[in-house]
Amino acid sequence: FPSPKPHKNPPPSPPKLPIIGNLHQLGSSPHRALQAMARSYGPLMLIHLGSVPVLVASSIESAKEIMKTHDLVFASRPRLNIPRRIFYDNQDIAFSQYGEYWRQVKSIAVLHLLSNKRVQSYEHVRVDEMELMMQKIQRANGSAFNLSESLISLTNNVVCRVALGRTYEGRKFKNLLERLMELLGCFSVGSYIPSLKWVDWLSGLERKADEVSKEFDEFLEGVIDEHVNAKGVVGFEGSKGQDLVDVLLEFQRENVKGFHLKRDMIKAIIVDLFTAGTDTTFTSLEWAICELLRHPRAMQELRREVVEIGQGRSSITEDNLDKLPYLKAVIKEALRLHTPLPLLVPRESTEDVKLLGYDILSGTQVLVNAWAIARDPSVWEEPEEFRPERFLNSSIDYKGFHFELLPFGAGRRGCPGIQFAMNVNELVLANLVYKFDLHLVGEGDMDMSETNGITVHKKHPILVSATARF
Ligand code: HEM
């Protein structure tokens, strides 16, 4: 925790309560509560979660200051109680503190695990899993079909096959992943109010985190042993070439640049790929489909585009995807309205710094309200409306260079999995709309309630009735 230093010119702060600070104001939907607070206290405000000062950025300018102008100062992450227990003392990529270790593992991720070339090499995995899902929908033969559940299986299976070489479809693995994600979304009192650390223990939160990480560890031990024993027989059932565990084990053997990748580090990175890669990808796809079902004109336009490209062939292939501007616009618009991680992943400053005239102390936690920026009426026309057309003649992209649209963050800490996620989402969405007429099951409008947690899902699954078009 930061040492109490005199604070010369801090950003505006809402009044706080003793001990809990502003915690009680966050409610079940912190991104919405913080958006409302920013209307009174400005686009750069300092709130207090327990005893921890947290800087909240809610405008393009303030986000740019943090993730571009002073990106290096804000390139660390806070040490939080639950992630520390899950990621082998933060030896993963997403939660590790800024420094040489993070630089090494991030560069392994960017250059070797998630590079465009590597992602491309798994096209067969995406196509297989997409076709399997389409067959399941077809078999439902027009009766109510839980599309959300199917999308979760698809994203889990893709990450499993790419990372581990095969799928683990049993209920047990799915349940383990669900518990892991739920824990990451839990609020740990002890991380913010040191004097109440015992609450995490008493509530069973720490025990649950330790149990889940132990179970995951046993699972990963088995996976790694399997890979080590199968040395030379690269790739498992159904996969061609290397999977990501193979790539990491090769790094370990070769000791590249004198950097020794220990077994715990490999496991932490794999857990990261699951926690950062499955839920986010599934959620963004689910919201995109949900908006299309609510907006028949947009659905029709996308249908027109894919039919023109598909020309009666059985599927839309990956090499067609670049010829589908409306598809890309739909996905961008869904990411704008439903930023899967609305407050991104918290950062932490490592030096004192001046931001928009305010003094920010070293050790301040930072949240960027990307969701609020993406709905800012001073930036976006009719921001609450789903209008994919807004992106058709616009250069605005989500890769971290346009600060009005930041679903993947930006700068050094930006998401390395954009290509991975987008290849899955574009392929699945294009084929779903190409192959089926989808209708919402049930009466009335689609329920748009959100879950609370680090990733914001649709609360209730999408149930559709699908008629095959071929
Ligand atoms: C639609 C899907 C996804 C969304 C919305 C998303 C979003 C994000 C965000 C907001 C961050 C934090 C960025 C920041 O601090 O500036 C992040 C980091 C990260 N993401 Fe993603 N992500 C997605 C998919 C993926 C996938 C598929 C993978 C890997 C398979 C992945 C791996 C990571 C990792 C390893 C980090 C940590 C980077 C670091 O701390 O240096 N993400 N992601």
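Of the 28 residues around the ligand, which come nearest?

Modeller: Gly277, Thr280, Gly409, Cys415 and Gly417 come nearest, out of 28 residues around the ligand. A residue counts as near a molecule or strand if its C-beta atom, placed from the backbone, lies within 6 Å of it. Helices (H or I, at least four residues) and strands (E, at least two) are DSSP runs, numbered from the N terminus. H13 gives the largest share of the shell, with seven residues.

A word on the model itself. It is predicted, so local features need pLDDT of at least 70 and side-chain atom pairs count only at pLDDT 80 or more, while totals for chains, interfaces and linings use all residues. Residues are numbered from 1 along each chain as its sequence is written.

What is the shell made of, by class? There are 17 nonpolar, seven polar and four charged residues. Here Ala, Val, Leu, Ile, Met, Phe, Trp, Tyr, Cys and Pro count as nonpolar, Asp, Glu, Lys and Arg as charged, and the others, Gly among them, as polar.

UniProt lists Cys415 under "binding site", in an unreviewed entry. UniProt positions are given in the numbering used here, feature names are shortened, and annotations may be inferred rather than shown by experiment. Cysteine 415 sits in the loop between helix H16 (370-373) and H17. Cysteine 415 is buried, because 24 other C-beta atoms lie within 10 Å. The cut-offs are these: 20 or more other C-beta atoms within 10 Å of a residue's own make it buried, 12 or fewer make it exposed, and anything in between is partly exposed, with C-beta atoms placed from the backbone. Setting aside neighbours within four places in sequence, cysteine 415 is in contact (C-beta atoms, placed from the backbone, within 7 Å) with Phe408 and Gly409.

Now the sheet. Strands of a sheet pair through backbone hydrogen bonds, either parallel or antiparallel. This one is open, with four strands in the order S1-S2-S7-S4 and mixed pairing. Strand S1 (44-49) and strand S4 (347-348) are the edges; each has a single partner strand, so one side of each has no neighbour in the sheet. Two strands pair if DSSP finds at least two bridges between them.

Follow the order across. S1 and S2 are antiparallel, over six bridges. Leucine 46 has leucine 55 in S2 as its bridge partner. In their hairpin, two residues separate the strands, and glycine 50 takes a positive phi near 60 degrees. S2 and S7 run parallel, joined by four bridges. Alanine 57 has valine 368 in S7 as its bridge partner. S4 and strand S7 (residues 365-368) run antiparallel, with two bridges. There, arginine 347 stands opposite valine 366 in S7.

Why is S2 largely enclosed by the rest of the structure? Six of its six residues are buried. Val52, Val54 and Val56 are buried on one side, and Pro53, Leu55 and Ala57 on the other.

Key. Two residues are in contact if their C-beta atoms, placed from the backbone, lie within 7 Å.
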